Amino acid sequence: LKSPNLWVVMSREFDIVVVGAGLSGVCVGYYLKQYCPDKSFVILEGRDSIGGTWDIFRYPGIRSDSDMYTFGFSFRPWTSVKSLGTGAEILKYIKDTAAEFGVDKHIECGTRVQRESFSSKEGRWSLSTSKGDLSCRFLIHCTGYYKYDDGYMPEFAGKDNFQGPIVHPNVWDTNMDYSGKRVAVVGSGATAITIVPALTEKASHVVMVQRSPTYMIPGPSDDAIVKWFSWLPTSVWFPLVKWKRICQSSFLYWMAKKYPDRIRAFLLDEAKTHLQGSADLKHFQPKYGPWEQRLCLAPDGDFFTAIREKKASVVTGEIKEFDEQGIVMETGERVDADIIVTATGFNLHDNFPMNDIQTDIDGVPYDSPGAILHRGTMVADVPNFAFTLGYINASWSLRLELQCKFMCRVLHEMDARRMTICVPQLGDDVQEGDEPLPVSSGYVLRSAHRLPKQGNRDPWQAHQNVFADGRILTGGSLDDGLVFTVAGPPPSRL
């Protein structure tokens with residue numbers, strides 16, 4: 001046999017199917033192997049390789065925007081003194097983790113799920129994929145919420161008139177030579193803040209063209225605790241580093257919500273200190289409050305350094321049009337460029353968390369606007385289903401591992417009760433609450449009408465807080481909101 005995964009193709013029934021083999025899918029696979037060793041499972045990946053985000057993005061400077069001590073897995077600590085990982089390092093970390101714990105043997109790449117149907121009568125999901133049909137008792141989606149193959153591109157007047165290449169970071173051409181070129185980067189989010197300093201290493205000059213500023217926070221790329229105490233066993237220093245990072249980010253987020261003016265003043269003072277008069281501070285003064293949109297990290301102040309060294313500059317305002325030579329602003333100011341990079345963000349999937357997979361429960365199509373999320377991990381009236389959803393204000397993996405523990409709890413409980421179906425059901429006291437992504441970023445606002453909602457009380461809420469989520473995901477009664485039954489006739493649905 002040429003493929004070690006050929007058994008996956010031959011066997012069509014599993015206890016669990018996991019969709020997606022990125023960071024989340026590998027993490028779920030680890031927990032299933034460790035805590036549910038009696039369960040058969042397969043991880044289906046639509047692309048030809050694993051890694052998800054970190055295998056898709058290839059633009060210059062691609063890195064984590066969360067520290068790796070919390071972004072990495074607790075069961076395989078990140079041990080480098082560098083707190084941020086490059087895209088290549090993170091991809092290797094994911095692949096090495098999958099191989100070390102045998103998760104890779106459960107992954108089938110090049111298998112795109114096209115349709116999912118749950119039968120209450122059989123208590124199973126039936127899946128149609130690009131490689132045939134299969135079924136499972138429990139289905140887990142690890143597919144994120146971004147349309148990675150469909151980056152958001154505003155309609156720029158005159159775009160076709162520009163004589164040079166227009167590139168979106170989502171589909172970066174790694175063969176494109178920008179050495180000695182003038183580059184305009186449109187956007188001011190995390191991608192722009194990452195790519196601008198990286199481009200200055202080869203480009204003659206880089207201009208970030210932003211409609212409005214974003215908050216940036218500089219910080220050292222090396223961790224002092226790791227630098228001084230890495231000679232000790234990892235089991236000694238790693239928990240200190242991880243919990244230091246958790247407490248720091250949690251405190252900053254709490255302060256930003258409780259005392260936004262103080263945090264705003266602190267962030268602007270940091271920008272002023274690092275700029276040293278090299279740029280007008282107006283380009284770094286957002287109109288919104290801290291953490292109303294994601295806070296962008298500038299490791300070692302690299303973005304500010306590029307500004308100070310005149311390798312990069314910032315233009316703020318509305319774009320009037322593109323012309324043959326570059327960008328024309330509404331004010332009449334010109335940004336001449338040889339290459340334009342549109343770091344203008346993402347689009348969200350229209351039917352989260354099923355995304356582009358056609359899904360029905362007993363013949364009733366799933367539609368996200370009417371859905372209510374349970375513990376940010378399951379969906380009301382969707383049986384035997386869970387999904388992964390990380391934090392906006394902290395590392396994705398912190399919540400991911402809590403969700404994995406919760407999924408294992410549910411699977412163990414189903415076995416202990418000898419039940420074949422577990423479904424979240426709303427009580428009369430649960431009302432519709434907010435969207436699960438508590439930021440006003442463009443990608444959220446553009447898709448707000450299609451997002452599912454949370455409930456108005458625990459456990460129908462997902463918190464942006466690892467302590468609160470730990471309480472409802474690893475503790476608390478599973479009977480609060482979950483109903484365990486055996487397969488039989490489908491329930492009546494209003």
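Is Y93 buried or exposed? At 5% relative accessibility, Y93 counts as buried, where buried means under 20% relative accessible area, exposed over 50% and partly exposed in between (1.4 Å probe, protein chains only). The model is predicted, and local features need pLDDT of at least 70, side-chain atom pairs count only at pLDDT 80 or more, and totals for chains, interfaces and linings use all residues. Residues are numbered from 1 along each chain as its sequence is written, and side-chain values use heavy atoms, with hydrogens and water left out.

A pair of aromatic rings is described by the distance of the centres and the angle of the planes. Rings of Phe, Tyr and Trp (its six-membered ring) were paired if their centres lie within 6.5 Å; planes under 30 degrees apart count as stacked, over 60 as edge-to-face and the rest as tilted. By this rule the count comes to 34 aromatic pairs. One of them joins W78 and Y93 edge-to-face, with 5.8 Å centre to centre and 70° between the planes. W78 lies in the loop between α4 (68-71) and α5 (87-100) and Y93 lies in helix α5, so the pair ties together parts that are 15 residues apart in sequence. Helices (H or I, at least four residues) and strands (E, at least two) are DSSP runs, numbered from the N terminus. W78 is buried, with a relative accessible area of 9%.

Y145 and Y146 also form an edge-to-face pair, at 4.9 Å centre to centre and 70° between the planes. Both Y145 and Y146 are buried. Ring pairs link these two tyrosines into a cluster whose members include F57, Y59, F118 and W125.

A charge sits over a ring if NZ of Lys or CZ of Arg is within 6 Å of the ring centre and within 35 degrees of the ring normal. R262 lies over the face of Y259, at 4.5 Å from the ring centre, and R446 lies over the face of Y152, at 3.5 Å from the ring centre.

An open sheet of three strands has the order β13-β14-β15, with antiparallel pairing; two strands pair if DSSP finds at least two bridges between them. Its edge strands, β13 (319-323) and β15 (334-336), each pair on one side only. Strand β14 (residues 326-329) pairs with β15 over three bridges, and I327 has V335 in β15 as its bridge partner.

Zero disulfides were found in the whole structure, a disulfide being a pair of cysteine sulfur atoms within 2.5 Å. The sulfur of C404 is 3.8 Å from the closest cysteine sulfur, in C27, too far for a bond. C404 is buried, with a relative accessible area of 1%.
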